[in-house]
Amino acid sequence: MTDTVSTQSDDTRADAPARNQWWDVWDQFKTHKGAMFGAGFFIFVILGVYLGPYLWTIDPTYIDIRARNSGPTMAHPFGTDQLGRDMLARMMAGGQTSISVGLTAMALALLLGTLVGVLAGYFKRIDGLLMRTTDLFLALPLLPLLLVMVMLFRQPLSASFGPETGIFILIVTAIGVTSWMPTARIVRGDVLALKEREFVLAARSIGTRPGKMILRHILPNVMSPIMVSATLGIATAIITESALSFLGLGFPPDFPTWGRLLFDATDFMQQHPERVMWPGLAISLTVLSVNYMGDGLRDALDPRIRGL
Amino acid sequence: MLTYTIRRLLTAIPTLIFISLIIFLLLDMAPGDPTAQLPLTIPPEVREQIRQSLGLGEPVHIRYLLWLKQMMWSEPMYYLSQSTGWFDPPEAARLISWQTRAPVMDTIFERLPQTLKVVGLSYIVGVLIALPIGIISAYKQYSVFDQAGTFVSMIGFSIPPFFSGVLMIILFTVMMPNDSFFWFPSIYDTTLVVDSWENFGKQVRQMVLPVMVLALQTTAQISRFMRASMLDNLNQDYVRTARAKGMTESVVVLKHVLRNSMIPVITVIALGIPSIFGGAIITEQIFKVNGIGQFLIVSIQASDVPSVQTLTFIFAVLIVLFNLIADILYGVLDPRIRYD
């Protein structure tokens with residue numbers, strides 16, 4: 001009750017609705033043109049690949065051999081491939097896989113990175129061990145190891161989960177376990193700094209247990225670096241998945257992803273160069289938009305820049 | 001400084017051993033059988049003997065130690081004795097590829113020059129383009145040049161090499177008329193011997209596209225670092241002092257600021273060298289350069305375990321080595337940093 005009285009009496013902003021920090025971040029984010037454009041494009045791509053198939057109902061695996069190798073026409077706006085499959089439908093199906101892999105692998109990497117970072121920063125006893133592990137992972141040659149992992153586990157996983165789910169699990173796990181290290185380092189640094197702050201001391205003095213402390217006081221305060229690495233993580237994961245597919249070590253041939261479509265199209269580069277452009281542009285523009293989003297988010301989450 | 005270097009060298013050893021263990025154990029699970037491609041008429045007991053002769057009968061830890069000894073001791077000793085002739089080559093058998101039946105290291109040394117030529121040149125070109133861009137972008141912050149530089153480096157970050165490479169081929173090989181000066185071959189011809197000016201021209205032309213693709217990536221990263229580092233230094237007090245002393249603008253920027261800004265950039269350049277080898281895997285595949293990246297892909301597809309192990313380990317050694325070099329360079333270049 002005293003609260004309401006005091007706010008009404010001396011706070012001039014009392015009429016303004018309650019705002020939390022994220023509204024300020026959003027206001028700052030809105031001023032970054034590139035970031036807004038990137039966010040808009042990324043949402044457009046996500047809607048296009050997930051809802052598009054409901055509007056464009058051609059089956060991506062339907063083979064219409066008479067219409068093969070056609071350029072862009074009214075019936076096939078993106079043309080068809082060498083078996084007469086509609087490129088637009090295949091682009092949507094491929095985008096679903098590529099973006100799902102990107103989002104899931106990013107989530108896994110973030111989970112691992114945040115876990116390691118928070119544990120290492122908060123518990124001094126395991127800090128050394130966890131950080132040495134992180135350094136070790138950073139010293140691993142990632143692309144060769146990814147290729148090796150895909151080669152080794154492709155057969156057993158396809159056998160037990162089916163070819164599509166098996167490869168999906170494999171690629172997401174492989175990308176996730178090889179890309180959590182930067183997040184872990186950044187989060188650890190922030191946690192180390194937070195631990196010395198008064199509010200943590202205050203929380204500890206009233207007997208907050210470590211688990212509660214991490215969930216209530218530490219994690220919300222390290223959200224900004226986590227969100228920035230999330231956007232960059234999506235970009236890296238999409239590129240890595242496409243690179244694996246491009247090297248022929250990703251998803252099976254009849255299961256399109258953007259990288260796979262690009263790889264298949266390079267064989268027909270001389271006759272149908274436009275077929276290379278669609279998946280290539282899709283990958284590049286998606287990654288570009290995500291990178292711009294990350295740029296804007298970094299500025300928006302930085303309290304030194306915000307509000308200027 | 002020396003003690004620090006020695007300490008870092010000593011800590012690099014357990015790291016490398018651990019990485020080699022991970023690589024070895026991971027590949028040990030490989031489902032491929034080296035005798036799978038031999039004729040089916042070979043009787044089972046002979047097949048088993050072949051497997052034994054390839055060293056597959058021993059338990060895992062013995063095989064690991066043997067492999068480690070071969071990687072760390074026998075192979076280096078072999079090349080040492082080959083090149084100097086001071087002593088006889090070691091008795092131990094060479095590390096043999098299951099695919100080509102030739103010593104793995106020989107194949108790697110055959111292929112290394114192609115990779116180094118293409119990758120090394122592209123890295124140098126990329127850095128040489130990136131440094132001026134970074135300097136000008138920082139000096140003229142928020143100018144048109146800076147905006148354009150930011151945009152180009154964003155594109156360089158976002159376009160993966162497997163698209164930029166294919167795009168280059170379409171532009172400069174497919175679309176370009178064959179007799180045009182700007183037509184470049186998309187396939188790297190390794191058999192070309194540079195013995196005349198004409199062949200030298202051919203060599204340069206076939207390197208243009210892969211170098212351009214790899215250099216774009218390098219330029220994007222290094223120019224951003226250079227810009228940020230220059231911006232950090234341009235606002236410092238010593239710059240104002242230098243200007244107050246009446247030094248010309250070019251001396252202030254190119255001597256005082258640039259030298260100080262180069263310190264972090266040089267370490268980033270050193271750190272980037274191993275990762276460019278990784279990026280070269282894809283570029284070599286696109287332009288059919290038969291370097292070590294392409295060797296890795298072929299070995300992976302053929303389940304050639306010894307080659308993959310050796311190559312992956314070499315990549316790991318490169319990463320650890322250049323991390324070390326970057327750290328030491330940082331200490332050498334910046335007298336403010338004292339490790340001891």
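## Domains of chain B

Two residues are in contact if their C-beta atoms, placed from the backbone, lie within 7 Å. In this predicted model, 11 residues of domain 1 of chain B are in contact with 10 residues of domain 2 of chain B. The domain assignment of chain B places domain 1 at residues 14–84 and domain 2 at residues 105–333, and the C-alpha centres of these two domains of chain B lie 35 Å apart.

On the side of domain 1 of chain B that touches domain 2 of chain B, helix H1 (2–28) and helix H3 (60–84) of chain B each supply at least two residues, with the largest share, seven residues, coming from H1(B). By class, this side of domain 1 of chain B has seven nonpolar, three polar and one charged residues.

## Contact between the chains

The contact between chain A and chain B takes 30 residues from chain A and 36 residues from chain B. Among the elements of chain A that give two or more residues to this side are helix H11 (223–246) and helix H6 (142–161), and H6(A) gives the most, with nine residues. The residues on this side of chain A divide into 23 nonpolar, seven polar and no charged.

## Two packed helices in chain A

The axes of helix H2 (residues 21–30) of chain A and H13(A) come within 8 Å and cross at roughly 130 degrees, which makes H2(A) oblique to H13(A). H2(A) passes H13(A) in a right-handed crossing. From H2(A), the contact is made by Val25(A), Gln28(A) and Phe29(A), while the partners in H13(A) include Gly296(A), Leu297(A) and Asp299(A).

Key:
Residues numbered from 1 in each chain as written. Chains lettered and ligands numbered in written order. Predicted model: local features only at pLDDT ≥ 70, side-chain atom pairs only at ≥ 80, totals over all residues. Helix = DSSP H or I, 4+ residues; strand = E, 2+ residues; numbered from the N terminus. Nonpolar A, V, L, I, M, F, W, Y, C, P; charged D, E, K, R; others polar. Axes fitted to C-alpha atoms, helices over the stretch in contact; angles between N-to-C directions. Parallel < 35°, antiparallel > 145°, perpendicular 65-115°, else oblique. Left-handed = near helix turned anticlockwise from the far one by under 90°. Domains from an automatic or database assignment.
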